[in-house]
Amino acid sequence: MIIEFTVGNFLSFRENKALSMEATSITEFKDSTFKVGNYNLLKSAVLYGANSSGKSNFIKAMSTMKRIVITSAEKSSAFKFDIIPFLLNTSTENKPSFFEVVFLIENIRYRYGFEIDNSSIHGEWLFKLESDNEIPLFIREENGIGITEDFQEGVSLESKTRENALFLSVVDQFNGKIAGDIIKWFNGWRTISGLSHDNYRGVTFSLLDNKKSKERLLDFFKDLDLGFEQLKFRKEKFQESFLPNDLPSELLDDIINDLQGKTIARINTVHKKFDESGKQVGFTDFDLREQESSGTNKVIDISGPIFDTLIRGGVLVIDELDAKLHPLMTAAITNLFNSPDYNTNNAQLIFATHDTNLLSYGRFRRDQIYFFEKNKYEASDLYSLIEYKEEGSSKKIRKDRSFEKDYINGRYGAIPFIGNFEELLSNG
């Protein structure tokens, strides 16, 4: 489970900015929290802000940290990380970026992070909480790596750690127990896009191929009322007729060569068929990809990662969750994580959206709602609704406020400045 994630000097984030998944003492929507040891954590967090406010950059920071942790030890000494610092200030453009996450593994709290530029690791640290005291396991600085007696698995591996490899990943390669548990935790942290979702269909296929998870997915699709009666999932030998007709010929040849002789999974939706009098006379199969809406395709594509996270536990981060989806469908997806029936393994969802309806009927606590905006120096900031205090006041926003109305009216900031429409039209 994730407690807090912090990023600094990366893309639009100049200063270190943190998102906390630790629940505050407020009392609304207790189903949206869960207890692990001494921690009361949030099941989800929703990110709001104008276009280019930093929401996607924050999510990219999360996926970047995971990517580096999982892959750094595999790369060559010449590998570059593709790290872009905050470039709009001379004090940050040549300094390393900062990534840190606080999380729980079997009720043990760890804090792990690193500072990194495009070619090397400038700092790295791992701490563990014991009896309310945070103790270091290792600390890496420019002049070397210091290992404590609580991290014996890392001893003698300092010299085997390249300048552009994380020490944690190297220790994992040598079967370090703590390092291995942390790498496994990072593997349970998935970031996906709500815009380009085709790549996730394979996860959905694998769940539909399992009897137990298939029932859960089909029940969810039925609750959403997507218009079809059932799904037909089957595996077939690849045929050229499976491909869309409008593919460029050069791309078509490459795909055919790649898939020839392979078995692929196919999904059809089943719809009722009626005669002129309105009497049902049978059923008709639709090809999911070719004959269903983009919204239906998206729901089925991302349902794989969603239910995989719910079943296994872990953290799912989604950018642009609401794209192509009706607001009620977006709410249904987010409610899965707050449901004690569906979310039995303390899975967590962090997602970015422009769907303000969720502020009215999404059943989100004030500490689950985060706003992003840029200052006059084009640096991103974030703050939760529970932290927000209006100018000249020390009072927090009450839970009975109309959050959606207040947000649209600019009460909490983090909205685009559109200007005067009448003036724009008259100037046109």
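**Strands, sheet and helix packing in a predicted model**

Val317 stands opposite Ile350, a residue of strand β16. The structure is a predicted model, in which local features need pLDDT of at least 70 and side-chain atom pairs count only at pLDDT 80 or more, while totals for chains, interfaces and linings use all residues. Residues are numbered from 1 along each chain as its sequence is written, and side-chain values use heavy atoms, with hydrogens and water left out.

The protein has 12 helices and 18 strands. These elements are DSSP runs, numbered from the N terminus: helices are H or I runs of at least four residues, and strands are E runs of at least two. Of the 428 residues in the protein, 49% are buried. Buried means under 20% relative accessible area, exposed means over 50%, and partly exposed lies in between (1.4 Å probe, protein chains only). The accessible surface of the protein comes to about 21700 Å². Carbon and sulfur atoms hold 46% of that surface. Areas come from the Shrake-Rupley method with a 1.4 Å probe; for residues, only the protein chains shown count as cover. Contacts (heavy atoms within 4.5 Å) were also sorted by separation along the chain. Among contacts between residues at least 6 apart in sequence, 63% join residues at least 24 apart.

In β15, Val315, Val317 and Asp319 lie on one side. Leu316 and Ile318 lie on the other. Both faces are covered. Two strands pair if DSSP finds at least two bridges between them. By this rule β15 and β16 (residues 348–352) pair in the parallel sense, over 4 bridges. Strand β11 (residues 189–193) also runs parallel to β15, joined by 5 bridges. Here the bridge partner of Ser193 is Asp319 in β15.

An open sheet of 7 strands shows antiparallel pairing. Its order is β2-β1-β6-β7-β8-β9-β10. The edge strands are β2 (17–20) and β10 (144–147), and each pairs on one side only. From one strand to the next, the twist averages 15 degrees. Angles run from 0 to 180 degrees between N-to-C directions, and axes are lines fitted to C-alpha atoms, for helices over the stretch in contact. Helix α3 (residues 177–187) packs on the sheet. This helix touches β1 (2–8), β6 (97–105), β7, β8 and β9 (133–141). The direction of α3 makes about 100 degrees with that of β6.

Strand β7 is part of this sheet. Because 7 of its 9 residues are buried, β7 is largely enclosed by the rest of the structure. β6 and β7 run antiparallel and are joined by 9 bridges. Val101 stands opposite Tyr112 in β7. The hairpin of β6 and β7 has 2 residues between the strands, and Glu106 takes a positive phi near 50 degrees. On to β8: 7 bridges join β7 (residues 108–116) to β8 (residues 121–130), again antiparallel. These two strands form a hairpin with 4 residues between them. Ile116 stands opposite Ile121 in β8, and Gly113 stands opposite Trp125.

Trp125 sits in strand β8. Its relative accessibility is 10%, so Trp125 counts as buried. Apart from neighbours within four places in sequence, its contacts include Phe98, Phe99, Tyr112, Gly113, Phe114 and Phe138. Charged residues Glu100, Arg111 and Glu115 are also among them. The C-alpha atoms of Trp125 and Pro136 are separated by 7.7 Å, with the two residues 11 apart along the chain.

The bridge partner of Thr33 is Leu42 in β4. There are 2 residues between the strands, and Gly37 takes a positive phi near 60 degrees.

Helices α4 (residues 201–208) and α5 (residues 211–224) pack at an angle of about 115 degrees, with axes 7 Å apart. The two helices are therefore roughly perpendicular to each other. Angles of 65 to 115 degrees count as roughly perpendicular, under 35 as roughly parallel, over 145 as roughly antiparallel, and the rest as oblique. From α4, the contact uses Thr204, Leu207 and Leu208. From α5, it uses Ser213, Lys214, Leu217 and Leu218. These residues divide into 4 nonpolar, 2 polar and 1 charged. Nonpolar covers Ala, Val, Leu, Ile, Met, Phe, Trp, Tyr, Cys and Pro; charged covers Asp, Glu, Lys and Arg; the others, Gly among them, are polar.
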